[in-house]
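Please view the sequence and the structure below before reading on.

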Amino acid sequence: MTDAIGLGLPERQRRDGLPERVTIWEVGPRDGLQAERTALPASQRVELIRRLAAAGASVIEAGSFVRADRVPQMAGSGDVLAALGDLDARLPVLTPNLRGLDDALAAGAREVAVFLSATERFSEANLGAPKAAAEAAAAAVVRRAVEGGVRVRGYVSMVFGDPWEGPVEPSATTELAERMLEWGASEISLGDTIGVATPGHVHRVVDAHRDRAIPVERLALHMHDTYGQALANVLAGLEAGVRIFDSAVAGTGGCPFARSATGNLATEDLLWMLDGLGIEHGMDLSAIADTGSWLSAQLGRATTSRVARALAGGKEAR
Ligand code: MG
């Protein structure tokens, strides 16, 4: 009797109507790590980003220019950026205010991101300001960045539901998306912050943006796997024409303000599905899985990626 071993890659079967190629926006070093209990020093975050780039990641969110006393996990983000000047990957960073933007630019940032919430309660809880005030602050950051030739991504949180306010109307998001694009943002990432979306809901939200003449190429999906729906939601996004997807190696992260929210969609899980569908993404699944297991060891916790666990099981059996 021989032990069964896992397959290293899925069988490739293309489906008509899906994009040939997508961009994966790797959020592990920022959105992932900022919600982890263990804070990694800048040097380890630099190593993580180098490993991700070596595995083919072309867009890697590298840090956040926030107060270190508020988010100690992101302390030294300037050092992280400065140490990666030679890297041939896009390294956007989060800049919630003008001071953060100035610090990011001084550290060499060429791409930044700002956050807004579709709901009032989450804006107050997470951004520390009512929606109107948060919008004014974000507008100032986006405008100054764009004036300086810096590319900006706008994030919207709580697009698919809010733990305090319940259901969220798509118009709450499309209004923010329209405004951010008007200020000069290049793309909008739609965040399922608590992971409650289902595929039909994804279609409804993407359609609502299309109805407002927002090009689908400008939209990204940021799904959380709280209810195990993240990949189904990505497939719905692919069907709707979305070509940018956020994910975090080893499924790191979550949301400290959304009690039930577990981690981001794991990059390993996303790659398995995209590889199976024959959709190009430029990353190497096995190298990403190795990076995820390295990162899990640094954090002293198990990966949440089902694919990573299955691949590791297959390796052990060999
Ligand atoms: Mg996230």
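The lining of the largest pocket comprises 26 nonpolar, 16 polar and 6 charged residues. In this classification Ala, Val, Leu, Ile, Met, Phe, Trp, Tyr, Cys and Pro are nonpolar, Asp, Glu, Lys and Arg are charged, and the others, Gly among them, are polar. The model is predicted: local features need pLDDT of at least 70 and side-chain atom pairs pLDDT 80 or more, whereas totals for chains, interfaces and linings use all residues. Residues are numbered from 1 along each chain as its sequence is written, and side-chain values use heavy atoms, without hydrogens and water.

The volume of the largest pocket is about 1,200 Å³. A pocket is an open set of points on a 1 Å grid over the protein atoms alone, where a 1.4 Å probe fits and protein lies on both sides within 12 Å along at least five of seven lines; lining residues have an atom within 4 Å of a point. Of the 48 lining residues, S64, V66, V71, P96 and N126 are the closest to the centre of the pocket. Among the elements that give two or more residues to the lining are helix 1 (28-32), helix 6 (131-147) and strand 6 (151-157). Helices (H or I, at least four residues) and strands (E, at least two) are DSSP runs numbered from the N terminus.

A magnesium ion is coordinated by D31 (OD), H222 (NE2), H224 (NE2) and N264 (OD1) at 2.0 to 2.2 Å. Donors are N, O and S atoms within 2.8 Å of the metal (3.2 Å for Na, K and Ca); water is not among the atoms, so sites may look incomplete. Along the chain, the donors have the spacing D-x190-H-x1-H-x39-N. D31 in helix 1 and H224, in the loop between strand 8 (219-222) and helix 9 (230-239), are 193 residues apart. D31 counts as buried because its relative accessibility is 6%, and H224 counts as buried at 2%. Buried means under 20% relative accessible area, exposed over 50%, and partly exposed in between (1.4 Å probe, protein chains only).

An open sheet of 9 strands has the order 2-1-9-8-7-6-5-4-3, with parallel pairing. Two strands pair if DSSP finds at least two bridges between them. Strand 2 (59-60) and strand 3 (63-64) are the edge strands, each pairing on one side only. Strand 3 is joined in the parallel sense to strand 4 (residues 93-94) over 2 bridges, and S64 stands opposite L94. Strand 7 (residues 187-191) runs parallel to strand 8, with 4 bridges between them, and G191 faces H222 across this pair. From strand 8, L219 and L221 point one way and A220 and H222 the other, and all are buried.

Helix 11 (residues 285-299) has 15 residues and reaches 21 Å from its first C-alpha to its last, close to the 21 Å expected at 1.5 Å a residue. The expected span is 1.5 Å times one less than the number of residues. Buried residues of helix 11 include L285, I288, W294 and L299. Just after helix 11, G300 adopts a positive phi of about 65 degrees.

Definitions and conventions
Points joined across faces, edges and corners; volume = space filled by probe spheres on them.
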